[in-house]
Amino acid sequence: MKKSEQQRQNIIDVGRKLFAEKGYANTSTRELNEQAGIAEGLLYYYFPKGKRQLLDIIVHEGVTDRLRMAHERLEGWTSENVEHHVLDLFDGISSVVQEDVGYQSFIITVRERALLSDEQSAWLMASFDGVQEQIADVFLGISKDHDPSEVRTLSQTVMSIFVKMLFEDLLLHDRRKISDESRKRVAAQIHLVLRLL
C-alpha cells in the first residue's frame with residue numbers, strides 16, 4: 001500500500017473512531033487532523049469535501065462490508081436445514097458488527113442517519129431490501145407451493161427479527177456483543193417463522 005493510501009486509510013480509521021465515540025457534530029476538523037497526525041488542511045487533500053465526505057465514506061464502507069458478508073452467507077443455501085442457514089446469516093451479521101470497525105460503522109450509521117443524503121438513504125434501503133429479496137428468493141426456491149407474497153412477508157419477518165435484536169443489544173443495552181440469551185431468542189423466533197414455509 002502506498003504511503004498516500006495508508007495516510008488516507010489512517011484518516012478514515014481515526015474519523016470512524018471519533019465519530020463513533022463523540023458523534024459527527026462534536027468532532028472538529030482540527031481534532032481529526034491532530035488524532036491522525038496530519039498537518040492542518042491535509043484532510044481536505046484526501047477528502048476535498050472535508051469531514052462530511054469522510055462520514056459518507058465511513059457509512060458506505062460499513063454498509064458494504066455488512067452486505068458483502070450477508071451475500072456470502074446466502075450463497076449455497078439448500079432446502080436442507082434452512083433454519084441453520086438463517087441462523088448462520090444472523091451470526092455472520094452479528095460477527096461483523098461486533099468487531100471494532102463494524103461496531104463503529106454501525107453506531108455511526110444509526111446515530112448520524114439524519115445526515116444521510118436522500119441518495120445515501122435510498123442506497124441504504126435498496127441494499128437492505130436486496131438482502132431481504134435474496135432471502136425471499138431462497139425461500140421461494142425451497143417452498144414452491146407457497147404464495148410469493150407470503151414468502152416475501154416471511155423474509156421481511158426474518159430481517160425484522162435480525163434488526164430488532166441488533167438494535168436492542170448494541171444500541172439499547174449498549175453491549176458490544178450479542179448476548180447468548182438474545183441469540184437463543186432469535187433462534188426460537190426463527191424456528192417459529194420457518195414453520196410457515
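Okay, one term before we start: when I say two residues are in contact, I mean they have heavy atoms within 4.5 Å of each other. And keep in mind that we're looking at a predicted model.

Let's begin with helix α5, residues 82-98.

Leaving aside neighbours within four places in sequence, Ser94 is in contact with Leu166 and Ile178.

Now the largest nonpolar core, which has 57 residues. Leu54, Val86, Phe139, Phe162 and Ile190 touch the most other members. The largest share, ten residues, comes from α4. As for Leu54, its contacts beyond four places in sequence include Ile11, Phe19 and Phe47.

On to charges. The whole structure has twelve salt bridges. Arg16 pairs with Asp13, with the closest N and O atoms 3.2 Å apart. These two sit three residues apart in helix α1, so about one helical turn separates them. Arg16 is buried at 5% relative accessibility, while Asp13 is partly exposed at 33%.

Then there's Arg175 with Asp169, at 2.7 Å from N to O. Here Asp169 is buried, at 0%, and Arg175 is partly exposed, at 31%. Last up, Lys164, Glu168 and Arg185 are linked in a network of salt bridges.

Methods: Residues numbered from 1 in each chain as written. Predicted model: local features only at pLDDT ≥ 70, side-chain atom pairs only at ≥ 80, totals over all residues. Heavy atoms only, no water. Helix = DSSP H or I, 4+ residues; strand = E, 2+ residues; numbered from the N terminus. Expected span 1.5 Å × (residues − 1). Core = buried A, V, L, I, M, F, W, Y, C linked by side-chain atoms within 4.5 Å. Buried < 20%, exposed > 50% of the residue type's maximum accessible area, 1.4 Å probe, protein only. Salt bridge = Lys/Arg side-chain N within 4 Å of Asp/Glu carboxyl O.
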